[in-house]
Amino acid sequence: MGVLLGGNAHAQSSDETRARAVLRQALERWEAGDLETAESLMRESLGLHRWTFTAFKLGELLLERERPASAIELLNAIAAGDYGEITAEAVVEVRNTLDDARGFVPRLRLRFSNAEEARAAEVELDGEVMDVEPDEGVITLQADPGVRRVRVDIPGRGPQRFEVEFALQREIERVVSVSAVEEGRLRIDAPEGALVRVGGEPRTLPVDLRLPAGEYDIVVVMGDDRREETVEVDPDGDHFLEFSARNPRRRRRIILGVLGVVAAGAIAGFLIFRPSDNSLPVDPTGT
């Protein structure tokens, strides 16, 4: 990575001095084969000072640790100048490393029934919403190796959840089949002036909703008195909650032969509302 090395005549801040020392430790641990500690120290060094050299070495280390997706994200940021300006020659070297990494990164191709459905879909990977542009009805996800949780949600339809094992140099394709939403009815009655929230959303009394089947947190505030319940709305179920200021009571009625409403109570607490260098740095360790 010679193109990222050279002299730096800037006065050294205490953070820069500390960043150099930590980076030296990281390189020593890497040389000794302690990759986990080396990565932790490199991230600590970058937190003190964002040297391009440190970021690039971290990208190489991530590749050695078989985490190509994370390496690609970091190398793209370097090429974009997020860690300071770099020369055209340095960009070429970074992009060559990127090309090598792309051959190893695991991929999941989600194939939808049509392009419109793919554009409307919200896709989560391990709980994080992915901002990926679909290509002809296919959304491609990249991740480091391991078992990942995937959630696909299309407005007006029920979410699909599944787990996928991402492996190096492996591409998996899965056809997304999302069924229409199954709904149940939820009704709530409470004294005039009570504040009601269903699933975090304020509602006006009397509450009478058709909701997708699932679990909902119910909060009712009546002056200084507040009540909380968690209700499982069953498909085609009719669920009724009635509250009074002194003696709240709850009754339940299920229609169309669907049985079982689970209410779990009382959750404690209640909330109604809720410089980088402009020049290319060198190897800061001086090695």
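Visitor: In which sense do strand β9 and β12 pair, and over how many bridges?

Guide: In general, the strands of a sheet pair through backbone hydrogen bonds, in either a parallel or an antiparallel sense. In this predicted model, strand β9 (residues 195–198) pairs with β12 in the antiparallel sense, over four bridges. Within that pairing, Val-198 stands opposite Ile-218 in β12.

Visitor: How many bridges join β12 and strand β13, and in which sense do they pair?

Guide: Strand β13 (residues 225–233) and β12 pair over nine bridges in the antiparallel sense. Here Val-221 stands opposite Arg-226 in β13. The two strands form a hairpin with two residues between them, and Gly-223 in the turn has a positive phi of about 65°.

Visitor: How many of the nine residues of β12 are buried?

Guide: Seven of the nine are buried, and strand β12 (residues 214–222) is accordingly described as mostly covered.

Visitor: What is the strand order in the open sheet of three strands?

Guide: The order is β4-β1-β7, and the pairing is mixed. The edge strands are β4 (138–142) and β7 (171–175), each of which pairs on one side only. Direction ignored, neighbouring strands of this sheet are turned by 20° against each other on average. Strand β1 (residues 107–111) pairs with β7 in the parallel sense over five bridges, and the bridge partner of Arg-111 in β7 is Val-175.

Visitor: Turning to the helices, what span should the 18 residues of helix α1 have?

Guide: At 1.5 Å a residue, helix α1 (residues 14–31) should span 26 Å; its end C-alpha atoms are 26 Å apart, which agrees. The 14 residues of α2 should likewise span 20 Å, and the end C-alpha atoms of α2 are 20 Å apart, again in agreement. After α1 comes Gly-33, whose phi is positive, near 90°.

Visitor: Where do the buried residues of α2 fall when seen down its axis?

Guide: The general idea is that an α-helix has 3.6 residues a turn, so residues three or four places apart point the same way. In α2, the buried residues are Leu-35, Ala-38, Glu-39, Leu-41, Met-42, Ser-45 and Leu-46. Seen down the axis of α2, these fall within an arc of 165°, so they line one face of the helix. Glu-36 and Gly-47, on the other side of α2, are exposed. The cover over the buried residues of α2 includes α1 and α3.

Visitor: Against which helices do the buried residues of α1 pack?

Guide: They pack against α2 (35–48) and α3 (52–64). The buried set in α1 consists of Glu-16, Ala-19, Arg-20, Val-22, Leu-23, Ala-26 and Trp-30.

Visitor: Which residues does Trp-30 touch, not counting residues up to four places away in sequence?

Guide: Trp-30 touches Leu-35, Ala-38, Met-42, Lys-57, Glu-60, Leu-61 and Glu-64. Its side chain also makes a polar contact of 3.0 Å with the side chain of Glu-64. The C-alpha atoms of Trp-30 and Leu-61 are separated by 8.2 Å, although these residues are 31 residues apart along the chain. Trp-30 has a relative accessible area of 16%, and therefore counts as buried, the cut-off being under 20%.

Visitor: Is Lys-57 buried or exposed?

Guide: Lys-57 is buried, because its relative accessible area is 18%. This residue lies in helix α3. Leaving aside neighbours within four places in sequence, Lys-57 is in contact with Leu-27, Trp-30 and Met-42.

Technical notes. Residues are numbered from 1 along each chain as its sequence is written. This is a predicted model: local features need pLDDT of at least 70, side-chain atom pairs count only at pLDDT 80 or more; totals for chains, interfaces and linings use all residues. Side-chain values use heavy atoms; hydrogens and water are left out. The expected span of a helix is 1.5 Å times one less than its number of residues. Buried means under 20% relative accessible area, exposed over 50%, partly exposed in between (1.4 Å probe, protein chains only). Contact means heavy atoms within 4.5 Å. A polar contact is a pair of N or O atoms within 3.5 Å; within protein, one must be able to donate a hydrogen and the other to accept it, and residues adjacent in sequence count only if both atoms are side-chain atoms. Two strands pair if DSSP finds at least two bridges between them. Axes are lines fitted to C-alpha atoms, for helices over the stretch in contact, and angles run from 0 to 180 degrees between N-to-C directions. The arc is that of the directions from the helix axis to the C-beta atoms.
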